[in-house]
Amino acid sequence: MDQETISLLDDKETSSAKKTRPSYSLFKIAVLIALTYICFLETVRFAVTYETLQPTRHHNTPYSPASSAIEYSNTKIWQEGDYSKFEREPSPELDALWNEILTGQNVRITEDEMKLQGENTSNRAELEDGGYLGLMSVWHSLHCLDVLRRNINMDYYWALIPEEERGRGLWTKEHSNHCIERLRSDVMCHPNIAVYIPKWVENGHHPDGMAMRSNGETECVNWNALDQWARKRALAHGKYKLKPRPYARKKNKD
């Protein structure tokens, strides 16, 4: 085979290779586009799934030391045969139930948490063994409910109140009015917007023969998770000491 023939063959092979290269390049581009599209779809799917699993109240949520303990779930506002163990006449058993849910009323708050909440650490109730005395708003409201129910049933509780406390402090009209206002504010701040639909019944609580029924749902905080958070920091009544208040120190100096 002469040199000229070899040269012609080389030109043909080169020409053939040039013709196949664009086809191969287009294949690679098509694969890259397909992979990019798949990655895009997976990213969107992950974002939607992640958003769905998040609590719905994630928008501009104010800081709280207990934020990490908050979990949400949907709960029906009414179910056939609903019964509450708290809906009963006064008794030692009922008092024990209320004392149990009030366990996390007073909790220890760290100095860092105070600063994150924007508190002034120079004039707040400070614990002798470190940290500050804290009371989460929901337990303040529960405390108010407990006091109001006792006042409503004073024919039972009067004999249980120490004589020197009767008609004072918690057992005054002023404190009850304060509690009513506290609860009004809480209810209007966190309204349950699920709707009751009155049902005609033969023996209803309402004189017009209706009873409230609903298939509506509302979003509830997982109380057990929040309660466990508070219990780990709980300060049992009579078992913690506060540093002397600044006014007391000033008075002693005088």
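At what angle do helix 2 and helix 4 pack, and how far apart are their axes? That was my starting point today.

Ground rules first. I'm on a predicted model, where local features need pLDDT of at least 70, side-chain atom pairs count only at pLDDT 80 or more, and totals for chains, interfaces and linings use all residues. Numbering runs from 1 along each chain as its sequence is written, and side-chain values use heavy atoms, with hydrogens and water left out.

**Overall.** I get eight helices and six strands, taking helices (H or I, at least four residues) and strands (E, at least two) as DSSP runs numbered from the N terminus. The order along the sequence is α-β-α-β-α-β-α-α-α-β-β-β-α-α. Of the 254 residues, 21% are buried (under 20% relative accessible area, 1.4 Å probe, protein chains only).

**Helix pair.** Back to my question: helix 2 (residues 92–101) packs on helix 4 (residues 137–152) at about 165 degrees, axes 10 Å apart. The axes are lines fitted to C-alpha atoms over the stretch in contact, and angles run from 0 to 180 degrees between N-to-C directions. So helix 2 is roughly antiparallel to helix 4 (angles over 145 degrees count as such).

**Who touches whom.** I listed the residues in contact (heavy atoms within 4.5 Å). From helix 2 come Leu 94, Asp 95, Trp 98, Asn 99 and Ile 101; helix 4 supplies Trp 139, Leu 142, Leu 145, Asp 146, Arg 149 and Arg 150. By class, I note six nonpolar, one polar and four charged residues in this contact.

Key
Buried means under 20% relative accessible area, exposed over 50%, partly exposed in between (1.4 Å probe, protein chains only). Angles under 35 degrees count as roughly parallel, over 145 as roughly antiparallel, 65 to 115 as roughly perpendicular and the rest as oblique. Ala, Val, Leu, Ile, Met, Phe, Trp, Tyr, Cys and Pro count as nonpolar, Asp, Glu, Lys and Arg as charged, and the others, Gly among them, as polar.
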